[in-house]
Amino acid sequence: MILDTHPIRHPWSSNLTGFSYRAESIMLRWFAITLMAIALSSCSTDTSTRHRSSEMALWIPQPIETVEQDPARTIGLPERRDDEPGDLTDLAIEVSNEPLPADTSSETTIYPITLDVVLQLSKDQALSIHMARQRLDAAVATQQIATSAFLPTIGPRIDYARTDGAAQETDGTVVDVSKNSLFTGMELRFDLDPWGDWHRHQAARGQFEATEQMLYWAEQFAIHRGAQLFHELVRSHGEIEIAERAVRFGRQLALTASARLDAGDGLREDFLGALAKEAAADRDLALAQSHAQIASVKLAEFLVLSDDPSFDPFLVPVSTQITPNRFALDPSNVAQLIQRGLDRRPDLMAARARAESARSLSRASSAWGRPTISARSRVGRFGADSADLSDQETAEVAVGWQFGLAATASHRRAVAAFEEIQLKVKKLELRIIAQIRVSLARLQASRSAMTAAQRQLEAGEEAMTLIDSRYKAGAALLEELLGREADLAAARTASLNSIVSHNQAQFDLMLAVGGP
């Protein structure tokens, strides 16, 4: 724009000046409203997130002491029994029943931990939750940006122009000039696409709701993952306890076989078999200890216990006596659980919000031929002296329409994106239904497995007691004793795995239906 350093005052310039001041006053009011809106939006809080945070206690399962199929039987990792086979002969040397020391570094600190603590730390410390909160902050800012489209902007303005050569006077005469023009002042500006800006605002709101739901989903998933890692830690320490029993049995058996061989009452192959059993038990114990160390590292990494790379904790469960847990869910009502999942799953609610956002964007892109509004108000002066701002007051309002092939293509692209998201929502609904059914199947299978494992454990313990008596009396071979001991160890392992699987299946079902 070429600015004239000598503006001409027309007879009706006073009317323009009055209109300019009125327009400027209106836009200044809009600017005040803008500041108030930004202040209010910056103070907004997520009330639904605070409400959901109070539901943390509902993620703590309730222990049960019996299995529903057989209430008379108690399920749990068996305690060590004083009458457990060990003193096989009168010549056997007693071995301590204290737990064998774990193979951990002297610099490693042991930290006992419980499921309650793991769940709380998972919700507070998981990096995925912190990243989801940052995405929520970005969504809030995006929504504020979309809201600002309805409000004017204000700021200083400096214009400089130089003209050399032909220029036209106000009466139409062309003259040869060489001049500079400098304008300084303030400008209020307002540009609005009513149809498009409104639907873009609705789209930003939908994205915010989707991001908020994904934060809740990140919390649920982190709690589920923490429970899963804790159950693996408990499983590994239960395997250590089973392996320690096998080691003590192998040592006592080796001592007994050695004493019998020295007394001339035993066979060398029995002694070698006892040594092989002892070596195999030591190997199993070493593997179980390494599994416990790996489980501890994974859990500590997930909980982000420290930013210090040298921090190497060894997490251990407070108790390895694991019992079945349950939530306040009715697994028998499959239809109700499926409906609950379809109504409450945060990731599904987020997908539906994204679909609504895509619908709004498709409507915004259909603004072909719709009007746009533009308004500007400027006050300032020409020249170097900026103390007097009465040299020029300008106000203008314009209404325009835009046409073009790009608008049609943009609308087709937005509609295709909306339909794709709708298909994703349908796919997620089918996946949720499948996840609930799979979780129910695993839960039912784990209950049956617990009952069968308990029967297997009881039968194995009784068979071990009988074969121990026969071996002491010389009526049973070493191979029979080793076979029964292997069956008993397998029964203990099966009992441990069935309970861990049952407890994890409870968390799987809780996650599948959308939390407590």
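The model is a predicted one. Its protein chain holds ten helices and ten strands, and 41% of its 516 residues are buried.

**The chain as a whole**

- Among contacts in the protein chain with a separation of 6 or more, 84% are between residues 24 or more positions apart.
- The accessible surface of the protein chain is about 27900 Å², and carbon and sulfur atoms account for 57% of that surface.

**Helix 4, one face in and one face out**

- Helix 4 covers residues 127–148, which is 22 residues.
- The buried residues of helix 4 are I129, A132, L136, A139, Q143 and A146. Looking down the axis of helix 4, these buried residues fall within an arc of 85°, so they line one face of the helix.
- What do the buried residues of helix 4 pack against? Their partners are helix 3 (115–125) and helix 5 (194–262).
- On the other side of helix 4, you will find L127, Q134 and I145 exposed.

- I373, V397, V399, W401 and F403 together make a nonpolar surface patch of about 530 Å².
- Strand 10, which runs over residues 392–401, gives the most to this patch, with three residues.
- F403 sits in the loop between strand 10 and helix 9 (405–472).
- Is F403 buried or exposed? F403 has a relative accessible area of 58%, and exposed means over 50%, so F403 counts as exposed.

- L361 belongs to helix 8, made of residues 346–364.
- Which residues does L361 contact, once its neighbours within four places in sequence are left aside? They are R200, A203 and A414.
- R200 is 161 residues away from L361 along the chain, yet the C-alpha atoms of the two are separated by 5.9 Å.

Methods
Residues are numbered from 1 along each chain as its sequence is written. This is a predicted model: local features need pLDDT of at least 70, side-chain atom pairs count only at pLDDT 80 or more; totals for chains, interfaces and linings use all residues. Side-chain values use heavy atoms; hydrogens and water are left out. Helices (H or I, at least four residues) and strands (E, at least two) are DSSP runs, numbered from the N terminus. The expected span of a helix is 1.5 Å times one less than its number of residues. Buried means under 20% relative accessible area, exposed over 50%, partly exposed in between (1.4 Å probe, protein chains only). The arc is that of the directions from the helix axis to the C-beta atoms. Contact means heavy atoms within 4.5 Å. Accessible areas come from the Shrake-Rupley method with a 1.4 Å probe; for residues, only the protein chains shown count as cover. Patches are made of residues with over 30% relative accessible area and no salt bridge: like charges are joined within 9 Å, nonpolar side chains (Val, Leu, Ile, Met, Phe, Trp, Tyr) within 5 Å. A salt bridge is a side-chain nitrogen of Lys or Arg within 4 Å of a carboxyl oxygen of Asp or Glu.
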